[in-house]
Amino acid sequence: MFYPLAGVRHQSYLSDSKLFPVPTDRNLLIVLTIAGIGAPFLLSSLYLNSYLQPWLIWTALALGLNLATGWAGQLHLGYAATMAVGAYAAVHAARFGIPWEFALLIGGLAASLIGSLFAFAALRVKGLYLAIVTLAMQFIMDWVLNHSPVISGGSHASLQSPRFALLGQEIASGRGLYYVALGWCALVTVFMMNLQRTALGRALVAVREKDYAAAILGVNSFYYKLIAFSTSSFIGGIGGALLVATFFFLAAPEQFGVNVSIQVLAMIIVGGLGSIIGTYFGVALILLMPGIANEILANAAALFRLPLGNETLAHIPTAVYGALIVIFLLVEPLGLGKLYANIRDYFLVWPFDQFKK
Amino acid sequence: MDIAYLSELAVNGALTGLLYSLFALGLVLIYKSSSVPNLAQGALTMLAAYVVLALSRQLGFPLWLAIAATTIIMFFAGLGVEKVALRRMAGRPIVMILMMTLGLDIFIRGSTLAVWGGTSRSMELGISYDPLFLGPILLSRINLAGAGVAIALFVAFLLFFRTRHGIRLRAISDDYIASWSIGISVEHGVALSWGMASVVAVASGVIWGEIQGVDQSLSQLLLKGLTVAVLGGLDSIAGAILAGIFLGVVENVGSSYLDSIVGGGSRDLIVAAVLIFTVMLRPHGLFGRHDIERV
């Protein structure tokens with residue numbers, strides 16, 4: 001990884017608003033895209049469909065939350081509720097016979113509608129109180145899902161998702177489902193990358209920094225909070241629908257509990273608030289961590305003959321997950337995205353460190 | 001529904017509500033001194049109950065000694081959590097602080113379950129389960145005892161806030177920069193409030209452990225405790241007591257009406273609804289301080 005540049009200096013507004021100020025970033029992205037497209041031919045279906053595919057779906061979801069929390073600064077502890085709305089709306093629509101393209105859109109719009117309710121809470125309160133209200137809304141959504149047989153089929157029931165199809169073409173193979181996840185994740189990523197360059201993105205950041213100050217500058221903070229919540233819920237709704245349609249294959253209320261909301265928030269905190277590449281890293285770490293912790297623990301227990309019970313082995317990943325959040329907040333509050341940015345900035349001027357900007 | 005049944009529901013609800021206030025007291029103590037909403041209070045409560053059981057069952061302590069020893073252990077555990085995790089978060093955005101307490105909650109809950117296991121066990125305080133008759137009203141003995149403990153703790157804390165240390169803490173909660181500049185050690189004050197909140201966690205852990213068994217469900221008291229704390233105003237002890245009684249009565253009476261309509265389980269719905277209405281209508285609660293924000 002070499003950057004034949006001695007820092008980034010803009011001499012026109014056009015160059016300042018370029019998508020890739022550093023050509024190597026673009027080249028790296030092209031390589032990664034090719035790797036993503038070629039992955040099904042290189043990896044076994046185990047890695048493809050149980051690691052890469054959920055990683056991509058969850059990354060798209062986490063990017064949606066990052067839009068509301070990282071860019072617009074609105075604490076959101078009810079993201080899983082909007083995912084649930086999207087998932088159930090889309091599955092019901094598909095079961096009704098509506099083609100999946102439209103079912104996904106219906107899911108996204110329904111989630112967007114419900115998600116806008118959170119914005120009305122955000123109009124009244126912010127910070128801690130917004131977090132508490134969204135948490136309470138999440139609990140109400142859990143309750144509604146568990147107690148309305150019309151939506152979920154009752155408390156311990158699950159709803160079978162119909163076969164996934166796009167453009168009249170049924171997609172059932174592992175590769176096909178992977179490409180659906182890749183396509184959706186790429187779409188969301190491109191959207192988020194461009195968002196930073198638009199007036200909308202700048203307005204969101206202004207609202208995040210101080211909504212009163214933004215209002216003085218003529219940025220209507222309620223309007224942009226509404227946009228942030230509805231857009232993030234739209235992404236969350238379609239993501240939740242895709243999660244059910246291409247990965248779980250059935251929808252159950254437990255998939256969208258409050259712990260899922262906390263997990264997505266943990267992903268963007270570990271990855272870095274307002275960082276796209278960081279979101280990818282954070283999702284990977286949080287998703288892979290239980291498996292890795294279990295693996296290490298099982299090996300260590302076998303190696304040192306530790307008398308670890310099943311219950312201990314079952315709960316240690318939870319403890320590690322909590323410890324991970326705590327350690328990241330203490331050591332690197334800006335997350336993995338900041339760590340990556342540090343390395344990139346080092347190589348950006350290497351070996352001419354004296355030009356460090 | 002006759003008046004005797006209604007008053008029985010209301011009185012028992014009020015007693016349960018006082019136990020919610022006991023839990024909320026921990027949240028209030030920490031929020032008062034450092035404006036940190038401690039979402040790990042549920043996990044601390046659960047940890048305290050498990051430590052009491054470990055001392056009395058595994059080490060063979062008598063129960064009263066186990067509770068006393070746990071009080072000391074948890075006091076220092078609270079100091080430790082503040083020192084290691086929260087002190088460095090001072091001045092950070094609220095999303096970071098919230099996430100820190102959530103991470104602590106997950107960590108403490110996970111490690112407690114990893115060490116002692118998740119099967120439910122009983123506290124066995126030796127209080128009989130026979131109901132107590134007060135005229136036509138049936139009362140649960142453990143709730144009555146718990147309410148007594150709660151009131152004793154509230155009185156103790158109200159008196160404490162009149163002592164020299166207590167006045168320091170009140171100064172810190174009023175304006176920590178001003179207290180700093182006149183020589184009050186804000187760090188010690190905040191650490192002390194964490195220690196006291198952990199001691200409160202022991203009391204609520206023992207009593208709630210006796211009522212619903214010692215297992216993971218103890219940490220789920222958080223939503224109710226948070227509702228009580230927010231309704232009372234996050235920094236008001238008297239508010240927490242009144243809000244607890246209010247929530248207990250509303251929840252008990254309301255759910256007995258609603259359960260027949262929606263088919264059970266309406267308690268959580270009522271709690272969440274109270275929480276939303278409180279924050280939307282009166283964010284600073286019944287008795288909380290109304291902070292004015294400036295650009």
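Tutor: In this predicted model, the packing to look at is in chain B, where helix α3 (residues 63–86) and helix α8 (residues 186–212) pack at an angle of about 140°, with their axes 7 Å apart. Because angles over 145 degrees would count as roughly antiparallel and 65 to 115 as roughly perpendicular, that angle makes α3(B) oblique to α8(B). The crossing of these two helices, α3(B) and α8(B), is right-handed.

The residues that meet can be followed on each helix in turn. On α3(B) the contact involves I67(B), T70(B), T71(B), M74(B), F75(B), A77(B), G78(B), L79(B), V81(B), E82(B) and K83(B), while α8(B) brings V190(B), A191(B), W194(B), G195(B), A197(B), S198(B), V199(B), A201(B), V202(B) and V206(B). Sorted by class, the contact of α3(B) with α8(B) has 14 nonpolar, five polar and two charged residues.

Another of the annotated spans, residues 137–161 of chain B, is 80% helix and 12% strand, with its end C-alpha atoms 36 Å apart.

Taken as a whole, chain B has eleven helices and two strands, and along the sequence these follow the pattern α-α-α-α-β-β-α-α-α-α-α-α-α. Its C-alpha trace spans about 60 × 50 × 35 Å along the principal axes. For 295 residues a compact globule would have a radius of gyration near 19 Å, and chain B, at 19 Å, therefore agrees with that expectation.

Chain B also touches chain A, in a contact that takes 37 residues from chain B and 37 residues from chain A. On the chain B side, the elements that give two or more residues are α4 (94–116), α9 (222–232) and α11 (266–281). Of these, α4(B) supplies the largest share, 16 residues. By class, the side of chain B that touches chain A has 26 nonpolar, seven polar and four charged residues.

The contact of α4(A) with α5(A) has 13 nonpolar, five polar and no charged residues.

As for chain A itself, its secondary structure comes to 15 helices and four strands, and its C-alpha atoms fill a box of roughly 65 × 60 × 45 Å along the principal axes. Among the spans that UniProt lists as "transmembrane region" in the unreviewed entry for chain A are residues 55–72 and 264–293. The span 55–72 of chain A is 94% helix and 0% strand, with end C-alpha atoms 24 Å apart, while residues 264–293 of chain A are 87% helix and 0% strand, with end C-alpha atoms 19 Å apart.

Key: Residues are numbered from 1 along each chain as its sequence is written. Chains are lettered from A and ligands numbered from 1 in the order in which they are written. This is a predicted model: local features need pLDDT of at least 70, side-chain atom pairs count only at pLDDT 80 or more; totals for chains, interfaces and linings use all residues. Two residues are in contact if their C-beta atoms, placed from the backbone, lie within 7 Å. Ala, Val, Leu, Ile, Met, Phe, Trp, Tyr, Cys and Pro count as nonpolar, Asp, Glu, Lys and Arg as charged, and the others, Gly among them, as polar. UniProt positions are given in the numbering used here, feature names are shortened, and annotations may be inferred rather than shown by experiment. Axes are lines fitted to C-alpha atoms, for helices over the stretch in contact, and angles run from 0 to 180 degrees between N-to-C directions. Angles under 35 degrees count as roughly parallel, over 145 as roughly antiparallel, 65 to 115 as roughly perpendicular and the rest as oblique. A crossing is left-handed if the near helix is turned anticlockwise from the far one by less than a right angle, and right-handed if clockwise. The radius of gyration is taken over C-alpha atoms; the globule rule is 2.2 Å times the number of residues to the power 0.38.
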